[in-house]
Amino acid sequence: EMLAQLVEAQEVLYLEWGRALDQIRKNKPEEAQQTLEKLLTIDPNNADYHAKLGTVLVIRGKPQEAIPHLVRVAELDPNNASGLGILGRIAYNNQKYEAALEQWEQASEIEPMLPQLQYDIGLALLELKRPEQAIRRLERAATMDSDRPDILIALAEAFAATGEWERAIT
């Protein structure tokens with residue numbers, strides 16, 4: 001009897017999780033938020049639910065509401081880079097570049113092969129007036145993903161900031 005209830009509860013969680021992901025794919029963040037909040041009432045210690053809800057809240061323009069969920073992701077699953085990445089983005093958008101850098105570097109230790117994180121770290125380093133360090137991160141990002149003009153533009157800015165004009169133009 002108890003095993004049957006557990007199996008049924010797992011099926012409900014699985015179906016609701018699928019519904020939340022589908023709502024996100026269909027660009028229905030309000031509905032996704034409701035579904036994810038329902039999931040968290042059933043399973044409040046699920047890092048994936050917190051990470052998705054944090055992402056949805058940021059998409060909905062509610063980054064302050066997202067922060068506790070993203071912090072909870074880091075507490076529940078220290079190897080989850082997505083929560084740290086979004087916390088970094090929130091800090092960066094609030095011109096807290098040192099905090100953004102710290103979040104993104106932690107995420108990068110977990111996921112060193114994500115070009116987006118290398119790019120983000122490079123942007124924070126540029127804002128912190130550390131162009132030499134930014135160049136290293138941006139070059140790494142460009143090596144990983146050579147099709148992104150935003151990376152190349154940031155790299156040119158970093159070279160220009162160091163006075164290496166000839167490298168900035170090429």
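Guide: In what follows, two residues are in contact when they have heavy atoms within 4.5 Å. The structure is a predicted model.

Visitor: What covers the buried residues of α8, including which helices?

Guide: Helix α8 runs over residues 131-144. Its buried residues are P131, A134, I135, R137, L138, A141 and A142. The cover over these buried residues includes α6 (97-110), α7 (115-127) and α9 (149-161).

Visitor: Which element of the chain has the highest mean pLDDT?

Guide: Across the chain the mean pLDDT is 92, and 99% of residues reach 70 or more. Among the elements, the lowest mean, 76, belongs to helix α10 (residues 165-169). Where pLDDT is low, the predicted coordinates should not be read in detail. At the other end of the range, the highest mean, 97, is that of α7.

Visitor: How many helices and strands does the secondary structure of the chain come to?

Guide: Read along the sequence, the pattern of the chain is α-α-α-α-α-α-α-α-α-α. The secondary structure therefore comes to ten helices and zero strands.

Visitor: Why is α5 described as largely enclosed by the rest of the structure?

Guide: A residue counts as buried when its relative accessible area is under 20%. Helix α5 is largely enclosed because its buried residues number ten of 13.

Visitor: How far apart are the end C-alpha atoms of helix α5?

Guide: Helix α5 covers residues 81-93, which makes 13 residues. At 1.5 Å a residue, such a helix should span 18 Å. The model agrees with this expectation, since the end C-alpha atoms of α5 are apart by 18 Å.

Visitor: With which residues is Y119 in contact, leaving aside its neighbours within four places in sequence?

Guide: Y119 is one of the residues with the most contacts inside the largest nonpolar core. Leaving aside neighbours within four places in sequence, Y119 is in contact with L138, A141, R148, D150, I151 and A154.

Conventions. Residues numbered from 1 in each chain as written. Predicted model: local features only at pLDDT ≥ 70, side-chain atom pairs only at ≥ 80, totals over all residues. Heavy atoms only, no water. Helix = DSSP H or I, 4+ residues; strand = E, 2+ residues; numbered from the N terminus. Expected span 1.5 Å × (residues − 1). Buried < 20%, exposed > 50% of the residue type's maximum accessible area, 1.4 Å probe, protein only. pLDDT = per-residue confidence, 0-100. Core = buried A, V, L, I, M, F, W, Y, C linked by side-chain atoms within 4.5 Å.
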